[in-house]
Amino acid sequence: MVYLKTDDEIELLRKANLLVSATLTEIAKNIRPGVTTRSLDKLAEEFIRDHGAEPTFKGFPNPYGPAFPASICTSVNEVVVHGIPDDRPLQEGDVVSVDCGTTLNGFCGDSCYTFCVGEVSPEVKALLDATKAALYAGIDQAYPGKRLGDIGSAIQDYCVERGYGIVREFVGHGIGKKMHEDPQVPNFGRRGSGMPLKNGLCIAIEPMITMGERHLAMLPDRWGVVTRDGKPAAHFEHTIAIHHGKADILSTFETIEAIERQQH
């Protein structure tokens with residue numbers, strides 16, 4: 001069942017998503033070689049709770065194993081999604097996607113950003129740039145009169161043209177009072193296919209793109225998912241509302257990108 005949101009509900013979703021963006025901005029200030037992802041998780045949880053919200057991911061159920069133990073997913077290098085924070089220090093040249101969710105006033109926020117740790121290779125930077133650009137290519141298709149397949153097709157076309165792999169096993173999703181609602185939002189598809197898009201639809205669009213093959217394997221912790229060929233992946237996510245005839249991005253990367261410009 002797809003629930004279209006009212007203007008008031010969209011504003012509550014915006015507040016939850018801007019808190020996610022603020023949390024990711026705090027992480028941007030602290031990502032550097034030698035830092036552990038567990039320390040970033042502690043920082044994120046304290047920041048979220050200090051702002052009157054709950055970390056949505058903490059305790060999130062898993063049909064294949066234990067509930068998620070942390071407040072953020074930290075997926076380093078070949079880990080595509082759902083990496084569990086740990087005590088290994090980040091190394092110069094790593095990339096780490098940080099996926100974060102909040103529940104604030106009964107509504108969920110969800111966004112992800114892939115960070116560079118120090119200087120990364122030009123090939124890896126190109127993967128990150130392409131994944132972020134593909135996200136916006138998908139968002140550009142999110143307005144009434146289009147269909148879900150138009151979003152996935154735009155992402156797929158952008159990345160395949162550049163020789164990257166498109167993860168198919170994990171997709172974007174509707175969002176509201178629950179983090180995962182209908183509909184599913186794949187990062188691949190056929191133009192003109194799928195559900196018609198309407199005002200009030202709130203979805204998280206999140207391309208997960210691999211430098212090599214798209215094939216995946218699951219880690220023994222039953223959460224982290226890695227590329228089978230060991231090549232890096234990137235993941236960027238915005239929550240949007242289709243609102244007044246266009247895509248209204250409820251999360252933001254602007255504050256994160258400002259910090260990245262200062263660091264480089």
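Residues carry numbers from 1 along each chain as its sequence is written, and side-chain values rest on heavy atoms, without hydrogens and water. Because the model is predicted, local features need pLDDT of at least 70 and side-chain atom pairs count only at pLDDT 80 or more, while totals for chains, interfaces and linings use all residues.

The largest pocket holds about 710 Å³ of space. On a 1 Å grid over the protein atoms alone, a pocket is an open set of points where a 1.4 Å probe fits, with protein on both sides within 12 Å along at least five of seven lines, and lining residues have an atom within 4 Å of a point. Its lining comprises 28 residues, of which F60, H82, F170, V171 and H180 are the closest to the centre. Strand β8 (residues 181-185) gives the most to this lining, with 3 residues; strands are DSSP runs of E of at least two residues, and helices runs of H or I of at least four. By class, the lining of the largest pocket has 15 nonpolar, 6 polar and 7 charged residues.

The second largest pocket holds about 410 Å³. Among its 20 lining residues, C116, G118, K125, E260 and H264 are the closest to the centre. Two or more lining residues come from each of β5 (107-116), α3 (122-139) and α5 (254-263).

Turning to the helices, α1 (residues 7-30) packs with α2 (residues 37-50) at an angle of about 145°, the axes being 10 Å apart. Here, angles run from 0 to 180 degrees between N-to-C directions, and axes are lines fitted to C-alpha atoms over the stretch in contact. Contact (heavy atoms within 4.5 Å) involves L19, A22, T23, E26, I27 and N30 of α1 and L40, L43, A44, F47 and I48 of α2.

Conventions:
Points joined across faces, edges and corners; volume = space filled by probe spheres on them. Nonpolar A, V, L, I, M, F, W, Y, C, P; charged D, E, K, R; others polar.
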